[in-house]
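Open the model in your viewer and keep the sequence panel beside it. This tour tells you what to select at each stop.

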Amino acid sequence: MMELRIQLIPTGEIILPPGKNGENYCHCCKVVASDGVRAMMESALTARDRVGVQDFVLLENFTSEAAFIENLRKRFKENLIYTYIGSVLVSVNPYKDLEIYTKNHMERYRGVNFYEVSPHIYAVADNSYRSMRTERKDQCILISGESGAGKTEASKKILQYYAFTCPASEQVQTIKDRLLQSNPVLEAFGNAKTLRNDNSSRFGKYMDIQFDFKGAPVGGHIINYLLEKSRVVHQNHGERNFHIFYQLIEGGEEDLLRALGLERNPQQYQYLVKGNCPKVSSINDRSDWKMVRKALTVIGFNEDEVEELLNIIASVLHLGNVQYGGEEGNVCITSDTQIKYLARLLGVNGAVLTEALTHKKIIAKGEELMSPLNLEQASSARDALSKAVYGRTFTWLVNKINASLTYTDDSHKNYSVIGLLDIYGFEVFQHNSFEQFCINYCNEKLQQLFIELTLKSEQEEYEAEGITWEPEKFKGIISILDEECLRPGDASDLTFLEKLEDTVGGHAHFVTHKLADAKTRKVMGRDEFRLLHYAGEVNYNVNGFLDKNNDLLFRNLKEVMCMSENKILNQCFDREELSDKKRPETAATQFKASLAKLMEILMSKEPSYIRCIKPNDSKQAGRFDEVLIRHQVKYLGLMENLRVRRAGFAYRRRYEVFLQRYKSLCPDTWPNWQGKLADGVATLVKHLGYKPEEYKLGRSKIFIRFPKTLFATEEALETRKHSLATKLQAGWRGYSQKSKYQKLRTSAIAIQAWWRGILARRRAQRRRQAADTIRRFIKGFIYRHRERCPENEYFLDYVRYSFLMKLHRNLPKNVLDKSWPTPPAALAEASEHLRKLCMQNMVWSYCKKISPEWKHQMEQKMIASELFKDKKDNYPQSVPKLFVSTRLNGEDINPKVVQALGSEKMKYAVPVTKYDRKGYKARPRQLLLTANSAVIIEETKLKQRIDYGALKGISVSSLSDGLFVLHVSSDDNKQKGDVVLQSDHVIETLTKIAICSDKINSININQGSITFTVGQGKEGIIDFTPGSELLVAKAKNGHLSVVSLLNLPHSQSDGFSKLKAEM
Ligand SMILES: Nc1ncnc2c1ncn2[C@@H]1O[C@H](COP(=O)(O)OP(=O)(O)O)[C@@H](O)[C@H]1O
Ligand SMILES: [Mg+2]
């Protein structure tokens, strides 16, 4: 889960600190705290809502100055010092350190859209940077506001922002450091404490920061404008000279001061005592000195250069202390020590310098004459030298810094720049001189530029509002000033004033004592003129105007300086300057020209504006001086600025930005609009229900007339965010599940592929083996008849093996099963052995299973088989019928017969039919077999007993009849001859008789007929014939004719096979 951290910052707005990698989490999501308190990560717009509005454009009552100032005040109270008017940043100097310039803040604004975050100078800086990078167009940031409003601070913040946020290589790091360090140096030499600002810029500065195509700062260039040199020699009460003098005296090491001949006391120096303000509580000269020294090193000053630079600074202090004495016409310098120091520090000849400071070289009729100066002239010559030395050194310093910032890599000449303009602000003092005139002229020019660039389209309306601007009037004043300076004769500051009255006197914005009404006269001196600037009225005192504009340095002083051994001065004072006969351009004209150039530079770039406001005149934190602020709001034209923005549409945004922010509110534009941006925005606002009068679609922007329309849209977005969050979550979950699934899928595929590979390899291997086997097999087959050899051994083994396996599967199931696989030749013998073994085994196991009864049965059946098999036709029918122990039981046999038999045990009894010997009459009888004899019973009588000894044989036919003849020995008289009997179980009966009588070999099976003895030598014959019906009868020939049923040998074979199966 993403961790949401909320950080409250002193501006009162809530921001989220950036993530680890600098990314910014959405600052618009809501967080519901555990206690139910809802901490809102407010959107930019709702945050604006809380403390006034973040953008004046969103003020409902936009025409009311009171509402405007109230909004400023509300925000100022909450330390919200930044507010937009559209893209213009209004900044109110807090006069205290706010915790809004940390690295976190820089990260916060990096790459974030201007409107998405609370107003900040970083947002402006970032916006310019991004525009530069994306559009490859040079940018400039114009910082304006009166002295002390925070312009210089703003420019430093911007520089720091770039130094921190822009990509950097090692080489670039040096440039970054130099860019940053150029500030303390230039401030030390060019800033001073004034009544308006403890660190007032006394020069104008335009700085180009150069970026390579990767967006890294690779170089820089500074242009300086008109340093207020007069400050070197004079300061108003409560003001100071340039910081560097105090820093040197306070911070300089003892050795250094000694070498420079300085004392650690500013009161000792005439140039430092005029303002009577050597110490300022907000300034620490000593620590600033250290900073400056370090900065000089970073910028690339070597020790010699630093020494020479400080020599010059010290020499200016010494110059200030040069005292003049003597009488008029014979002025001399009273302080020799100063000259000694000066000679050494400036690297010039002391005597020459002394002369130059007291004389003026004039060329009359081709001859050079040295004319002595009077006291006043001498001291102004001295002051002129001080100013020239200091001013030119300052310019040298800027050049030196520029050299160190020069983009050295020639390979990529092409770079983009962001220009930073921090120029002295509009200022009004008790006494305003030439410098204020120039400064205010400059501000007027800048205001003109601002109006031209921002309010141009509605310029008429702007003018109608009564805010006019007319820097042109300056031009008139400057040309008159120049005229007076160049005019031979008794031109003076006062004649200049008169000329002004004559020429521009009619102008509504120009007043002098003479021209003014009585009321104004009271507050104006006779030597003053008043200009009505855009920012207010200023009275300028004409004293010194001509001199300052001439900026003259006597030729002999120049010559002295040209001979200086100080390398810096040597560069500052060029000998060519001496030979140049042309009069140098006046200061005002130079300034005017440089300003014109500046305007050109600025016009060629995409501008951004920072309008600085000073909340009070006492440099106090938290004091909101409404009168002062209203004045600034008025002259900065902020209301007009706002009105212009609002006149058309309160709110404008580039199509892509608008669409990006609100696209989620319309199904057609969500999540992405594919067509033209303008169409997308049109679709979106149509869906949102904007009325035609509420908005206009421009070429690249949408313009919304009323803030409430925007608020409604913003609210809708707020609501929509929740559902979007849910959707995003769902989307994310879906995505993560899908990717999980994809992972599983690819894993499964990988495993499958792997496994298929294994299988395929196995199959291939098996195929290979199979092929090998088949090949071996075929070879073996070819060589099968050879002796066992490597080629056939497998085959032979296989044949054997397969025979044995086949045998194993197909062994005979029982003894009657005679099937046996055909063995290969090699195994013929073994096969035979096996077959026998198998049979023996089966027999043996069959025998083991046989019960005694069954054995008995079998024995009898065996005997029957031996006797009748294939001999008598009805034998097969008898096979399946089991032999029984007897066919007659006790109750079937008459007890008398049993009694008659006595102890003789009966072994078998069966009902039979007996045929008479004579008439072949059939009579039912019972045949009983005992141990010794066969007995024929007629009911109760034993009719005939045939001892087995007397039984000669037994005859039976081969047919299927049941007749048989017991042949009895004729020796026995008791016998009446052979007995003809018929049994339904003839095979059983005969088998029993044969066993009991042990007459197995005495059974005869006859074909055709049987002859038997009837008694007393007589014979009978039985004829057997096959027929369709069983018939036993006496034939005509006196024979017994037996017609046997034609045997149907297999009709009852089922029973037989059943018996077989049992075996
Ligand atoms: N953003 C700021 N935060 C804190 N103090 C500021 C800020 N801007 C200006 N100041 C204070 O106001 C003083 C004057 O600001 P400065 O930028 O020098 O004014 P300007 O250049 O407009 O004359 C600074 O020295 C500083 O003390
Ligand atoms: Mg400044």
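How many helices and strands does the protein have? There are 37 helices and 35 strands. Both are DSSP runs numbered from the N terminus: helices are H or I with at least four residues, strands are E with at least two.

This is a predicted model, in which local features need pLDDT of at least 70 and side-chain atom pairs count only at pLDDT 80 or more, while totals for chains, interfaces and linings use all residues. Residues are numbered from 1 along each chain as its sequence is written, chains are lettered from A and ligands numbered from 1 in the order in which they are written, and side-chain values use heavy atoms, with hydrogens and water left out.

**The whole protein**

Show the surface. Its accessible area is about 52500 Å², and 52% of that belongs to carbon and sulfur atoms. Such areas come from the Shrake-Rupley method with a 1.4 Å probe; for residues, only the protein chains shown count as cover. Of the 1063 residues, 50% are buried. Buried means under 20% relative accessible area, exposed over 50%, and partly exposed in between (1.4 Å probe, protein chains only).

**The cores**

Select Tyr 162, Phe 189, Phe 245 and Tyr 390. They have the most contacts inside the largest nonpolar core, which has 109 residues. Helix α15 (residues 375-405) gives the largest share of this core, 13 residues. A nonpolar core is a set of buried Ala, Val, Leu, Ile, Met, Phe, Trp, Tyr and Cys residues joined through side-chain atoms within 4.5 Å.

Zoom in on Phe 189. Beyond its neighbours within four places in sequence, its contacts include Phe 242, Tyr 390 and Leu 397. Contact means heavy atoms within 4.5 Å. Now move to Cys 442, Val 542, Leu 665 and Tyr 690. They belong to a second, separate core of 83 residues.

Select helix α8 (residues 243-251). Nine of its nine residues are buried. Among them are His 243, Gln 247 and Glu 250.

Next, select helix α13 (residues 336-346). Its buried residues are Gln 338, Ile 339, Leu 342, Ala 343, Leu 345 and Leu 346. Their cover includes α9 (254-260), α12 (303-320) and α22 (555-562). Gly 347 follows α13, with a positive phi near 70°.

**Ligand 1**

Which residues come nearest to ligand 1? Of the 15 around it, they are Asn 93, Gly 148, Lys 151, Thr 152 and Glu 153. A backbone N or O atom of Gly 148 lies 2.6 Å from an oxygen atom of the ligand. For a polar backbone atom of Glu 153, the distance to a ligand oxygen is 2.8 Å. Taken alone, ligand 1 exposes 550 Å², and the protein buries 86% of that.

Go to Thr 83, in strand β5 (residues 82-85). Is Thr 83 buried or exposed? Its relative accessible area is 0%, so Thr 83 is buried. Its side chain makes a polar contact with the side chain of Arg 75 (3.0 Å). A polar contact is a pair of N or O atoms within 3.5 Å; within protein, one must be able to donate a hydrogen and the other to accept it, and residues adjacent in sequence count only if both atoms are side-chain atoms.

Finish at Glu 988, in helix α36 (residues 986-997). Glu 988 counts as buried because its relative accessibility is 4%. A polar atom of its side chain lies 3.0 Å from the backbone nitrogen of Val 884.

Key
A residue is near a molecule or strand if one of its heavy atoms lies within 4 Å of it.
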